[in-house]
Amino acid sequence: MGVTPVAGRNRPVRAPVAADVQVEVWSDVVCPWCYIGKRRLETALDRFPHADQVEVVWRSFQLDPSIPEGHTEETLPALAAKYGASVEQMRGTMARVQELAAAEGLDYDLAAGVSGNTLLAHELVHLAASHGLGGAMEERLLHAHFEERRSVFDVESLVPLAVEVGLDEAEVRAALADRRFLPAVREDVGTARMLGATGVPFFVVDRTYGAAGAQPADVLLRLLERAWAERGPVQGAAPSVRGVGRTGSAR
């Protein structure tokens, strides 16, 4: 699976560098906290003097894998039912999340959102990563879902987004038809479970330090600084991930 160098918000893909620090981010493209967390990570990287030696790898996680593929539902009533809240209570919760998103420069309208199965979207991110475009694809999917209110749940919705970031349409259609990246998505989900992730975003630095939730940029910057200070030879087995706290909620 490919990785994407990230050193700030929506930077163009550059030639790979020998990374000293690897940041893995488990995310779902329908998770409002994940887009907020992505912006905060980008802010931390903007302030990190060694950002050009950091690799960010986007990992797959599904908030609700029980939704059948091809089925979509209105997010507001579905979440209200899931958490035993009234629609108006859930609308108020969404409004508070929108305020946090706005502080990161994001324009949400969560009450008007639609949810569905995100397996195909995750497979597309893996395909894009194999071409060095994983970060660009993750950004395009999040932006399409949250700020353009577009579907990211079926092939016909995903293909134009993939072409926009530079993927070949025929390859995209073939990969999403034969599901060649589905095992990689399943592996990501299994690894998240192994590392103790129960929601997203979930940040893991060098398989040593973990941060659950949409942590403030200051917290993520401290993680980067600590990993940089303690960097050493890559280990064969993943060490136990040490958490640094939580903020927000996956969904």
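Start by selecting Trp-26: this residue is buried, with a relative accessible area of 0%. Here buried means under 20% relative accessible area, exposed means over 50% and partly exposed lies in between, with a 1.4 Å probe and protein chains only. You are looking at a predicted model, in which local features need pLDDT of at least 70 and side-chain atom pairs count only at pLDDT 80 or more, while totals for chains, interfaces and linings use all residues. Residues are numbered from 1 along each chain as its sequence is written, and side-chain values use heavy atoms, leaving out hydrogens and water.

Now widen the view. Searching the whole structure turns up four aromatic pairs. Rings of Phe, Tyr and Trp (its six-membered ring) pair if their centres lie within 6.5 Å; planes under 30 degrees apart are stacked, over 60 edge-to-face and the rest tilted.

Trp-26 sits in strand 2 (residues 21-27) and Phe-202 in strand 6 (residues 202-205), so the pair ties together parts 176 residues apart in sequence. Strands are DSSP runs (E, at least two residues) and helices are too (H or I, at least four), numbered from the N terminus. Phe-202 is buried as well, at 7% relative accessible area.

Next, pick Phe-48 and Trp-228. With ring centres 6.1 Å apart and planes at 80 degrees, this pair is edge-to-face. Phe-48 is in the loop between helix 1 (32-46) and strand 3 (54-60), and Trp-228 is in helix 9 (residues 217-229).

For the last stop, select Tyr-35, Tyr-108 and Phe-146, which ring pairs link into a cluster.
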